[in-house]
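Q: I would like to go through this structure with you. Could we begin with single residues and then turn to the packing?

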Amino acid sequence: MEKITSFTINHLKLLPGIYVSRKDKAGAETVTTFDLRMTRPNFEPVMNTAEVHTIEHLGATFLRNHPKYQDKCIYFGPMGCRTGFYLILAGDYQSKDIVPLIKEMFEFLRDYKDEVPGASARDCGNYLDINLNMANYLADKFLKEVLEDISEERLIYPED
C-alpha cells in the first residue's frame, strides 16, 4: 500500500508552522488542506486532549462565523498525534495566504474567557474534557513563538 502524503513528510525536521498538506479537486473546485502544526513532533510534548478539544470547539466556531471564510471552511479538527490541527478550505491557497486568518483565530483563542461553545452533555460527546486555560496558554505560545514573525521555513514543508 502506498503511503499517504502526510506520512512522507520528515517529522524530525518539521517545525511548528502553517503548511499546505495537500490540494484536492472536488468537482471543479480546489480544496486546500492545511497542517497547523503547534508543537514540534517527536521533540516537544504533545498537547493533552482537553486543550486540543477546547481549541477544536473554539476554532471551529470562530471559522464558521468568520465573515470572509465561513463559507469556505470545510473542516477544522485535531491531528491524531496531538501536535496540531487540520484546516480544510474551499479554494486554492498557499500557506502565506491564510497567515492573517490564523493569527486572528489564535488571538481569539488566546483571549476567549467565556463558556466554551458546545461544552455540554446535550451538544458534545465528551463535554467534560475541556481545558480553556491551557487552550488560552497554547494559543498565546503559538502566536508569540510562530505566528508573530513567521518565517518561510514555517510555511513550506521541509525537504527530506
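Q: Is Thr 54 buried or exposed?
A: Thr 54 is buried, at a relative accessible area of 0%. Buried means under 20% relative accessible area, exposed means over 50%, and partly exposed is in between, with a 1.4 Å probe and protein chains only. This is a predicted model, in which local features need pLDDT of at least 70, side-chain atom pairs count only at pLDDT 80 or more, and totals for chains, interfaces and linings use all residues. Residues are numbered from 1 along each chain as its sequence is written, and side-chain values use heavy atoms, with hydrogens and water left out.

Q: Where is Thr 54 found, and what does it touch?
A: Thr 54 is found in helix H1. Helices (H or I, at least four residues) and strands (E, at least two) are DSSP runs, numbered from the N terminus. Not counting residues up to four places away in sequence, Thr 54 touches Val 116, Ile 130, Asn 131, Leu 132 and Ala 135. Contact means heavy atoms within 4.5 Å.

Q: How far apart are Gln 70 and Asn 131?
A: They are 25 Å apart in space, C-alpha to C-alpha, and 61 residues apart in sequence. Gln 70 has its place in the loop between H1 and S3 and is partly exposed, at 33% relative accessible area. Its contacts, leaving out residues up to four places away in sequence, are Leu 63, Arg 64 and Asn 65.

Q: Changing topic, how many aromatic pairs are there?
A: A search of the whole structure finds seven. Rings of Phe, Tyr and Trp (its six-membered ring) pair if their centres lie within 6.5 Å; planes under 30 degrees apart count as stacked, over 60 as edge-to-face and the rest as tilted. One of the pairs is Tyr 69 with Tyr 93, which is tilted, with 6.4 Å centre to centre and 45° between the planes.

Q: Which parts does that pair tie together?
A: Tyr 69 lies in the loop between helix H1 (49–64) and strand S3 (73–78), and Tyr 93 in the loop between strand S4 (84–90) and helix H2 (99–111), so the pair ties together parts that are 24 residues apart in sequence. Both Tyr 69 and Tyr 93 are buried.

Q: What about Phe 106 and Phe 142?
A: They form a tilted pair, 4.8 Å centre to centre, with 55° between the planes. Phe 106 is in helix H2 and Phe 142 in helix H3 (residues 132–147), so parts that are 36 residues apart in sequence are tied together. Phe 106 is buried at 1% relative accessible area, and Phe 142 is buried at 2%.

Q: Which residues touch the most other members of the largest nonpolar core?
A: Of its 37 residues, these are Ile 18, Leu 87, Ile 102 and Phe 106. A nonpolar core is a set of buried Ala, Val, Leu, Ile, Met, Phe, Trp, Tyr and Cys residues joined through side-chain atoms within 4.5 Å. The elements giving two or more residues to this core are strand S2 (29–37), H1, S3, S4, H2 and H3. H3 gives the most, with eight residues.

Q: And the backbone: what is phi of Asn 42?
A: Phi of Asn 42 is near 65°, a positive value in a residue other than glycine. Asn 42 is in the loop between S2 and H1 and is exposed, with a relative accessible area of 64%.
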